Amino acid sequence: MYSYQEFDRTFVRERVGQYRDQVKRRLEGALTEDEFKPLRLMNGVYLQLHAYMLRIAIPYGTLSSRQMRQLAFIADKWDKGYGHFTTRQNIQFNWPRLIDTPDILDALADVDMHAIQTSGNTIRNVTTDQFAGAAIDEIADPRPYAELIRQWSTDHPEFQFLPRKFKIAITGAVEDRAVIRAHDIGLQLVEHEGRIAFKVFVGGGLGRTPVIGQELVDRLPAEDLLPYLEAVLSVYNLAGRRDNKYKARIKITVGAMGIDVFRAKVDEAFQRLRKVFNGQDLAILGDIQKGFEAPEFVEKSQDAYFDALDNDSGFREWVERNVSAHKHPSYASVTISLKGHGDTPGDASSEQMRAIADLAERIAHDELRISHEQNIVLPHVAQADLPGIYKTLQAIGLATANIGLISDIIACPGMDYCALATARSIPIAQDIALRYADREAEIGHMQIKISGCINACGHHHVGHVGILGLDKAGVENYQITVGGSAGNDAAIGEKMGRGFSVDELMPALDRLIEAYLSLRLNKDETFLAAVKRLGTIPFQEALYVVDQAA
Amino acid sequence: MARIKAPVVVTANDLLSGEVVYLDASHRWSAELSAAKVFAAIDKAESELSAAFNEAEVVGAYLAEVTEGALVTPKHYREGFRHKGPSNYFHGKQTVQGAEVAA
């Protein structure tokens, strides 16, 4: 992992000191709320429905056990004993008091963490593959580049007041697990003539105008990454609309300009900026890469592992669902599901956080990841240690074997917490998980993603089944989309028709799933594959058969 | 957004805690909806809102529609969630208002 240097520590401490003074001045009345709001937001402090919310950056979703324990400490001391992991690979605390937030930020600084640029029209936390550095299909670890982007973009004076927020995702693997084409910039590491290069996508995004990112350049040499990113941001900063926040994201700029014109402008800026970058960025990258060297893998007897596979069906199922192949043949990556049936997607108690931190420290090379699917990952686990990890997870209620299944739902906080939401997401996710708990193996791979408003924090557009909660004349109403995908075949789901009330929603999903089960060629044809083969009409007819009968 | 209709209460979030609060008849902010002053006329509510609003105490004050009966209840479900707390945990006002909220 990257370790903070003295520069990072000083910078973060100074920001906490500035923020502490800003809170003091707000409480004394020297700052109005209008003056204070942008300042607190720059430090991740939002005001939600019931309380303030603090959003903490987890750079590219990577945490140490020490950092996870500190999050547990914060949850107990200043919040309500739990934290909510988000689709941005961050964590949110839903109940801090304003007066406590400077102390929380100081506690974060103690473990080299902060909440800077988790709000505002800046470059947000760079996200990546939760299996980075471990995945068997990886070309190169993307995290050093993510860290380079973090250092470049943090407090970058030119990019603190962009037309709108800006999200960058990066993957180093063949399979896209970072939804790169739904980000303002998506970076895919590729190998070209023995060297690392980037395929760059631009203008992706969800929200009220969902767009799949377009290819901007197919083989950008890795050494040109920062000047090229700066060129893209510079063009956007000048051309992006500031008159209408709903038209201000780069996807609108690219769409209005056309990808070819946009590319030409970027190339022009790149030629100018490339000269400014004198190689210092590459020297920094070299230092950063030393912090991301693979751990020393240990060979252990696998007898207990194979014995458990043979004799414990629960363990076998968990391995099948929650354990992924690792680049080292006797290692694996473990996804700890935060989607227990009936639980709130993405939530972990302080007790669970500490237990996971202990696991990571004792037997998983002290590394943890947060996935954009709101689960926690132990990236480096010897297969020999899997039975012990499974038992520990069982003891803390986190051994649900459901990764990639219907109950592994992404859900935003929705109207249970979020001031922007138009309907609830969490209870819908809970109901779905409980309803299909006994049938999820039969249903197979299915990604349901739920957003409580058009801003699409729950990624509903790219769900195999997307659910969008809206306010229809004072009643919660849920629109269903079908056929979205977050992977290499990224696609925006197709809206099926009128929305459903809360009472109508579960029966509608029942009809949708029964239609799939009856239409699929065999058990190996996933829901998404069936939609691709058949189109959406059979599923639309299943959803609205009640209307046709009326 | 549809034009707001009386009866209404004045609501905001407490500056220090962020907790949902309501303006009572004594021009003080209460955590209890049952203590809120219910206005039968929008213009009266708006004038009291500007008179009572104190940035040193609350954030984002506005008018919210309610229904009067044996209990004053929020008209829109958003206000209902603000009044009750979240549906996944008893972490909001449920913890101190169990009986009223459950009703």
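In chain A, five strands make up an open, mixed sheet in the order β6-β7-β8-β9-β10. Strands are DSSP runs of E with at least two residues, helices are runs of H or I with at least four, and both are numbered from the N terminus; two strands pair if DSSP finds at least two bridges between them. This is a predicted model, in which local features need pLDDT of at least 70 and side-chain atom pairs count only at pLDDT 80 or more, while totals for chains, interfaces and linings use all residues. Residues are numbered from 1 along each chain as its sequence is written, and chains are lettered from A in the order in which they are written.

β6(A) runs parallel to β7(A) (residues 168–171), with two bridges between them. T128(A) stands opposite I170(A) of β7(A).

The largest nonpolar core contains 179 residues. Such a core is a set of buried Ala, Val, Leu, Ile, Met, Phe, Trp, Tyr and Cys residues joined through C-beta atoms within 7 Å, buried meaning 20 or more other C-beta atoms within 10 Å of the residue's own, with C-beta atoms placed from the backbone. Helix α6(A) (residues 225–239) provides the largest share, nine residues. V381(A) is among the residues with the most contacts inside the core; beyond four places in sequence, its contacts (C-beta atoms, placed from the backbone, within 7 Å) include Y331(A), V334(A), I363(A) and L386(A).

Between the chains, 22 residues of chain B contact 22 residues of chain A. On the chain B side, α2(B) gives the most, with four residues.

How values were computed
Two residues are in contact if their C-beta atoms, placed from the backbone, lie within 7 Å. A residue is buried if 20 or more other C-beta atoms lie within 10 Å of its own, exposed if 12 or fewer, and partly exposed in between; C-beta atoms are placed from the backbone.
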